[in-house]
Amino acid sequence: MTGALRKMTFEVETELELTDDQKERVAAMVMGNGQVDHRGGYVDEVTGQTHQLSKVHFTCNPDMAVYGSDTTICGVDGMQLDKTVHVVLEDGAGNRTGLKAASGKIKASWHFGVLFEADGGVWFSGRDNVDGGSREGPQTTAASPILRRVADSFTDRPGTEPMSLREHLPAEGEFWISDEDEPHVVSVPWWGSYADEPEAGDTYPGRSELRAAEQAELEGMVERVRALDADISPVM
């Protein structure tokens with residue numbers, strides 16, 4: 001499934017006296033652990049069937065328990081719970097799956113690097129592994145192993161209101177990118193500016209030199225994109 005992102009809306013049903021804010025936290029927990037994808041799809045590991053999330057049961061009622069629904073949750077905000085909490089996913093047809101027995105239908109993977117604009121599109125340059133080494137200068141370079149185009153629409157957490165990436169670019173950080181025909185940034189653990197001008201009064205040693213080096217790397221990233229568009233090999 002591809003297409004524009006949209007905010008996920010589903011009911012959190014519970015016998016507990018949760019406020020709307022607490023229900024929002026439950027919803028964020030369900031959407032934020034990879035067991036339900038950013039479009040609300042999931043696979044039941046018991047049956048192998050795929051489902052679309054319609055409702056979440058957050059309950060201490062043992063009669064609602066299904067395989068994989070038990071959790072170690074002991075409270076929500078200031079509310080302490082002394083019974084086992086079950087989290088049960090339900091689709092529009094009433095099929096129920098325990099949260100731990102579900103996995104996202106559309107996978108997403110962790111990346112570190114830079115998001116930037118080039119020739120009318122949004123691109124990512126970076127890597128998908130942890131770099132154990134240390135490097136002086138820019139952490140992301142034009143020679144980074146991954147270069148791929150991504151959609152402009154993104155969410156800072158899976159299932160939240162989509163926003164435009166272009167308003168924040170260029171930016172460097174950690175990104176979860178979906179495995180779709182048109183990849184989307186579906187979660188942003190953190191990010192910050194890249195290749196911008198130091199702010200007035202910034203006295204951090206070497207800041208100006210770092211930003212200049214990042215600008216050079218950014219220009220190299222853009223040239224790689226243009227080389228791809230022209231179907232020629234970039235000179236690195």
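This is a predicted model: local features need pLDDT of at least 70, side-chain atom pairs count only at pLDDT 80 or more; totals for chains, interfaces and linings use all residues.
1. Residues are numbered from 1 along each chain as its sequence is written, and side-chain values use heavy atoms, with hydrogens and water left out.

2. On the overall make-up: the protein chain has two helices and 15 strands. These are DSSP runs numbered from the N terminus (helices are H or I, at least four residues; strands are E, at least two). Taking a contact as heavy atoms within 4.5 Å, 64% of the contacts between residues at least 6 apart in sequence join residues at least 24 apart. The chain exposes about 12,700 Å², and carbon and sulfur atoms supply 47% of that; the areas come from the Shrake-Rupley method with a 1.4 Å probe, and for residues only the protein chains shown count as cover.

3. Two strands pair if DSSP finds at least two bridges between them. β9 runs antiparallel to β14 (residues 171-178), joined by eight bridges, and Val114 stands opposite Glu172 there. β9 also pairs with β10 (residues 121-127) in the antiparallel sense, over seven bridges; here Phe112 faces Arg127.

4. Now the turn between β9 and β10. The hairpin has two residues between its strands, and Asp119 takes a positive phi near 50 degrees in it. Asp119 is not a glycine, and at 44% relative accessibility it counts as partly exposed.

5. Ala195, in the loop between β15 (185-193) and α2 (207-229), has a positive phi of about 60 degrees although it is not a glycine. Is Ala195 buried or exposed? Ala195 is buried, with a relative accessible area of 13%. The other spot is the Leu169 to Pro170 peptide bond, which is cis with omega near -5 degrees; Pro170 sits in the loop between β13 (163-164) and β14.

6. Next, the pockets. On a 1 Å grid over the protein atoms alone, a pocket is an open set of points with protein on both sides within 12 Å along at least five of seven lines, a cavity is a set where a 1.4 Å probe fits but cannot get out, and lining residues have an atom within 4 Å of a point. Points are joined across faces, edges and corners, and a volume is the space filled by probe spheres set on them. The largest pocket has a volume of about 330 Å³. Of its 15 lining residues, Lys7, Met8, Glu24, Ala27 and Ala28 are the closest to its centre. Helix α1 (residues 20-31) gives the largest share of the lining, six residues.

7. The second largest pocket has a volume of about 280 Å³. Closest to its centre, out of 15 lining residues, are Asn33, Gly34, Ala108, Pro158 and Trp176.

8. Finally, there is one cavity of 30 Å³ or more. The largest cavity holds about 40 Å³ of space, and its lining is Leu5, Arg6, His38, Arg39, Thr155, Gly159 and Thr160.

Conventions:
Buried means under 20% relative accessible area, exposed over 50%, partly exposed in between (1.4 Å probe, protein chains only).
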